[in-house]
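My entries follow in the order I made them.

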Amino acid sequence: MTKPEPLLDVRNLTVHFPVRRPGLFPRQPQLLRAVDGVSFSIARGETLGLVGESGCGKSTTGRAILQLLQPTAGSVRFGALELTSLWRRRFGAAVWSRELRELRRRMQMIFQDPYASLNPRMTVEDLVAEPLRTFRVADAAQIRQQVRDLLAQVGMDPRFRRRYPHEFSGGQRQRIGIARALALRPEFIVCDEPISALDVSIQAQILNLLTELRRTFGLTYLFIAHDLAAVRHISDRIAVMYLGRIVETGPSEAVCSAPLHPYTRTLIAAIPLPNPAAERARVRLAVRGEPPSPLNPPSGCRFHPRCSLAIARCTSEEPQLEPLAGEPERFVACHVVHGSVGPVLPR
């Protein structure tokens with residue numbers, strides 16, 4: 001039985017930002033390699049969790065997939081459409097084409113900060129209705145009814161639709177942002193750390209809401225977060241990102257219960273266990289130093305300066321994301337995991 005075509009297929013996605021160097025005379029700008037050759041696919045109705053440290057390129061990946069940022073290189077296929085080919089040049093600048101604007105109805109984003117993503121001068125009704133009015137999908141009476149329905153679907157009282165964002169808590173604001181993202185009935189939603197700015201008690205409510213909406217509307221999610229426990233709860237598969245590269249992917253339970261890449265193992269080990277005896281007995285890999293700068297990433301494996309298992313090959317040859325022997329659904333970019341041997345580098 002052949003696998004169905006993925007709804008989203010990302011290949012070698014690259015986003016580099018030029019950074020001008022200080023000095024009296026102009027010099028060639030450096031490149032900040034925010035995303036450097038990321039590849040993955042998401043099946044229709046699936047949730048892929050993208051995790052990693054702050055600054056590893058997760059949010060930039062999500063924005064580049066939706067073409068909110070123009071990728072430097074790579075391919076982003078949404079169904080049968082190649083999104084990176086839908087940009088046009090106007091007056092020397094890259095702008096969205098009409099086709100790309102129309103695709104906004106099928107792809108949406110839930111932003112990280114509910115305090116900054118909502119216009120404080122607009123009422124809740126205007127905020128949720130804005131996509132409907134922009135694409136002219138209904139008349140005024142239908143829009144008002146759809147706004148009421150959307151607010152009810154995300155757990156908000158429709159009577160509050162005349163209020164302004166400052167009158168709501170963070171969790172309520174995020175529900176408003178979710179209602180706005182659902183307004184056009186999209187197929188695919190990028191959830192860019194939608195719970196990181198919320199209290200712990202509210203985080204679980206938002207995760208459960210997203211799970212329910214996924215079942216109700218048949219949604220497909222890219223769920224970006226740095227909280228592995230949350231990602232494990234909502235995701236079917238997990239992709240682990242480090243310094244602009246994917247280092248491990250696999251089914252959610254497999255990655256969390258038996259991580260392969262040394263970086264993934266350190267992320268899992270950072271989650272405290274509720275059993276004090278089990279917490280003391282855990283064996284952790286030693287991780288030294290801070291993440292390198294994306295302006296000057298290390299040669300070979302990007303994690304090798306901090307990895308206690310690194311061998312000589314790790315310093316010179318970049319590992320590729322390859323399937324694990326005997327487990328075709330799991331991919332890892334690590335020479336040691338794939339069987340390379342050699343003396344461990346001194347630390």
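**Entry 1: Ala 140 and the ground rules**

I looked up Ala 140 and found it in helix 4. Helices (H or I, at least four residues) and strands (E, at least two) are DSSP runs, numbered from the N terminus. Ala 140 is partly exposed because its relative accessible area is 49%. The cut-offs are under 20% relative accessible area for buried, over 50% for exposed and partly exposed in between, with a 1.4 Å probe and protein chains only. I also took a C-alpha to C-alpha distance: Ala 140 and Arg 173 are 24 Å apart in space and 33 residues apart in sequence.

I note that this is a predicted model, in which local features need pLDDT of at least 70 and side-chain atom pairs count only at pLDDT 80 or more, while totals for chains, interfaces and linings use all residues. Residues are numbered from 1 along each chain as its sequence is written, and side-chain values use heavy atoms, with hydrogens and water left out.

**Entry 2: helix 3 against helix 4**

Two packed helices are described by the angle between their axes and the distance between the axes. I began with helix 3 and helix 4, which pack at about 115 degrees with their axes 9 Å apart. Axes are lines fitted to C-alpha atoms, for helices over the stretch in contact, and angles run from 0 to 180 degrees between N-to-C directions. Helix 3 passes helix 4 in a right-handed crossing. A crossing is right-handed if the near helix is turned clockwise from the far one by less than a right angle, and left-handed if anticlockwise.

I then listed the contact (heavy atoms within 4.5 Å). From helix 3, Val 124, Glu 125, Val 128, Ala 129, Leu 132 and Arg 133 take part, and from helix 4, Ile 143, Arg 144, Gln 146, Val 147, Leu 150 and Leu 151. By class, the contact of helix 3 with helix 4 has eight nonpolar, one polar and three charged residues. Here Ala, Val, Leu, Ile, Met, Phe, Trp, Tyr, Cys and Pro count as nonpolar, Asp, Glu, Lys and Arg as charged, and the others, Gly among them, as polar.

**Entry 3: helix 3 against helix 5**

The axes of helix 3 and helix 5 come within 7 Å and cross at roughly 30 degrees. That makes helix 3 roughly parallel to helix 5, a term for angles under 35 degrees. I read the crossing of helix 3 and helix 5 as right-handed. Val 124, Leu 127, Val 128 and Pro 131 of helix 3 meet Ile 176, Ala 179 and Arg 180 of helix 5. This contact of helix 3 with helix 5 divides into six nonpolar, no polar and one charged residues.

**Entry 4: helix 5 against helix 6**

For helix 5 (residues 170-182) and helix 6 (residues 200-217), the axes come within 11 Å and cross at roughly 15 degrees. Helix 5 is therefore roughly parallel to helix 6. The crossing in which helix 5 passes helix 6 is right-handed. On the helix 5 side I found Gly 171, Arg 175, Ile 178 and Leu 182, which meet Ile 202, Gln 205, Ile 206, Leu 209, Leu 210, Leu 213 and Phe 217 of helix 6. The contact of helix 5 with helix 6 has eight nonpolar, two polar and one charged residues.

**Entry 5: is helix 5 buried or exposed?**

Of its 13 residues, 12 are buried, so helix 5 is largely enclosed by the rest of the structure. Among the buried residues are Arg 173, Arg 175 and Arg 180. Their cover includes strand 8 (107-110), helix 3 (124-135), helix 4 (140-153), strand 9 (188-192) and helix 6.

**Entry 6: two residues elsewhere**

Leu 32 is in strand 2 (residues 30-42), and counts as partly exposed because its relative accessibility is 24%. Leaving out residues up to four places away in sequence, Leu 32 touches Val 15, His 16, Phe 17, Val 19, Pro 294 and Leu 295.

Glu 46 is in the loop between strand 2 and strand 3 (47-51). I logged Glu 46 as buried because its relative accessibility is 13%. With the sequence neighbours up to four places away not counted, Glu 46 touches Ser 41, Arg 214, Leu 219, Thr 220, Tyr 221, Asp 236 and Arg 237.

Methods. Angles under 35 degrees count as roughly parallel, over 145 as roughly antiparallel, 65 to 115 as roughly perpendicular and the rest as oblique.
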